[in-house]
Amino acid sequence: MRMENQAPARIANILMNALKGGVVPRVGLEYITVGRAQEIAAILHDIDMIEEGGASFRFIVGKYGSGKSFLLQTIRNYATAKGFAVVDADLSPERRFAGTKGQGLGTYKELIQNLSTKSKPDGGALPLILERWISGVQTEVKAQTGLEGPAFDRKVESQIYEVAGALEGMVNGFEFAKAVVTYFRAYRQDDAAMKSNVLKWFRGEYASRRDAKADLDINFIVTDETWYDFLKLFAIFLVGAGYKGLLVLIDELVNLYKIPNSVTRQNNYEKILTMYNDVLQGKARHIGFLMGGTPSCIEDKYRGLFSYEALKSRLAEGHFSGADIRDLSAPIIRLQMLTQEEMYVLVEKLRDIHAQLYRYEPALRHEELVYFLTVEYNRVGADTHITPREIIRDFIELTNILYQNPGKSAADILGSNSFEMARGGLGDEEIHEEFEEFEV
């Protein structure tokens, strides 16, 4: 067995460890992606629109383990490869859209900390973005003018001001532009302390205006009220620095649903409404939002997003969409469960990656993969409760046990009678008829 497109050993190891632990790996998803073709195509169309100067806002909705986070990370990897900058964060009690204890600012800090690009995919890309942009401007000016000395510095600074000037007409844009120019001057003078202060300001780490004024002569800081405006500024700046736009991924909306205080919940939903309206009314450019949540945190009329009437009226589906007919241009993309055929392809990929990682010929044959899936899908309640996450975790456990116990077979692990019991006593011939679509 040799896969045509083998995952490097480091990536294979990350995939196995992350999936066994029930979390989504940040790398290597292209080796295990199956299904979701329509959903991915719809979001990639959004990304094309963002590149052209538009904006988008989508909710990715599915129950725990259905693949929301997997889809978000798949899009994240695609966007960075295409030349976008991406920020992402999971909401938590300390990270919300609004709060009385700096939770909105906490979300902003997490987003900027996780700023990623193609060359810096694991986050922390802000210093690299600024340095490469300034270096690129210097190279361009040198090539176009041949200037040297003070004249060269003045020309570079004028180019920097040109990008910064595009920000000054936006809310808080003057301060943002001033910080950009301050960073350039610190870069030119090799002033590490000043560069560090500017980065601190961009990351929202100044506690008071007084401190920012003393260090940077900027009488403004990122706050709970202004952090969204700063994301819009970052999007325009990033385009000026050579990127295609900014994609914002926010997962675990369920943490808003869990807020016990109704007023605090409504304040968070109002912030989402502000952002949503901003995007759809064309007040934001080169930026897209993808937010992941469970059906209950969206639809619950007492605590979910739909408890806020202004959001419900905007997000609720029309009369013609349903489980079988979906409008993938709507603001909410509901994830359907992967089909059994897609799950077969997925466990086959996992089998091959596991065998590649541990350097053995895969022992699980087609019939045994079908055997495993049959057992999984025929557990009590599986028709409504089983998720890809559970099946993946079980399958990796099975492959681990078989690798560590070469004398055992899949039937030994799953139970010699479990297949017959799961299928209600079907014979081999009937089993193959039932699953003949799994032939790949």
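1. The side chains of Asp217 and Lys178 form a salt bridge, with an N to O distance of 3.3 Å. Asp217 sits in the loop between helix H9 (209-216) and H10, while Lys178 belongs to helix H7, so this pair links parts that lie 39 residues apart in sequence. Asp217 is partly exposed, with a relative accessible area of 39%. Lys178 is partly exposed too, at 28%.

2. Please keep in mind that this is a predicted model. The protein has an average pLDDT of 85, and 89% of the residues score at least 70. Where is confidence lowest, and where is it highest? The lowest value belongs to helix H21 (residues 428-434), with a mean of 45, and the highest to helix H4 (residues 103-113), at 97. Over residues 418-440 the pLDDT stays under 50. For that stretch the model has 34 contacts beyond four places in sequence, and these should be read together with the score.

3. On charged pairs in general, side chains of opposite charge can pair when their charged atoms come close. The structure holds 19 salt bridges, including the one between Asp217 and Lys178 described in point 1. Two others are taken up in the next points.

4. Arg185 and Glu157 form a salt bridge in which the closest N and O atoms are 3.1 Å apart. Which helices does this pair join? Arg185 lies in helix H7 (residues 173-188) and Glu157 in helix H6 (residues 149-165), so the bridge ties together parts that are 28 residues apart in sequence.

5. Asp48 forms a salt bridge with Lys82, and here the closest N and O atoms are 3.7 Å apart. Asp48 is part of helix H2 (residues 37-51), whereas Lys82 is in the loop between helix H3 (68-81) and strand S2 (85-90), so the pair connects parts 34 residues apart in sequence. Both residues count as partly exposed: Asp48 has a relative accessibility of 30%, and Lys82 has one of 24%.

6. Thr80 is found in helix H3. With a relative accessible area of 8%, Thr80 is buried. Which residues does Thr80 contact once its neighbours within four places in sequence are left aside? They are Val86, Ser116, Thr117 and Lys118.

7. Helix H10 covers residues 227-240, which makes 14 residues. From its first C-alpha to its last, H10 reaches 20 Å, close to the 20 Å expected at 1.5 Å a residue. How many of the residues of H10 are buried? The count is 12 of the 14, so H10 is largely enclosed by the rest of the structure. Among the buried residues are the aromatic side chains of Trp227, Tyr228, Phe230, Phe234 and Phe237. The buried set also includes Asp229 and Lys232, as well as Leu231, Leu233, Ala235, Ile236 and Leu238.

8. H10 is followed by Gly242, whose phi is positive, near 105°.

Note on methods. Residues numbered from 1 in each chain as written. Predicted model: local features only at pLDDT ≥ 70, side-chain atom pairs only at ≥ 80, totals over all residues. Heavy atoms only, no water. Helix = DSSP H or I, 4+ residues; strand = E, 2+ residues; numbered from the N terminus. Expected span 1.5 Å × (residues − 1). Buried < 20%, exposed > 50% of the residue type's maximum accessible area, 1.4 Å probe, protein only. pLDDT = per-residue confidence, 0-100. Contact = heavy atoms within 4.5 Å. Salt bridge = Lys/Arg side-chain N within 4 Å of Asp/Glu carboxyl O.
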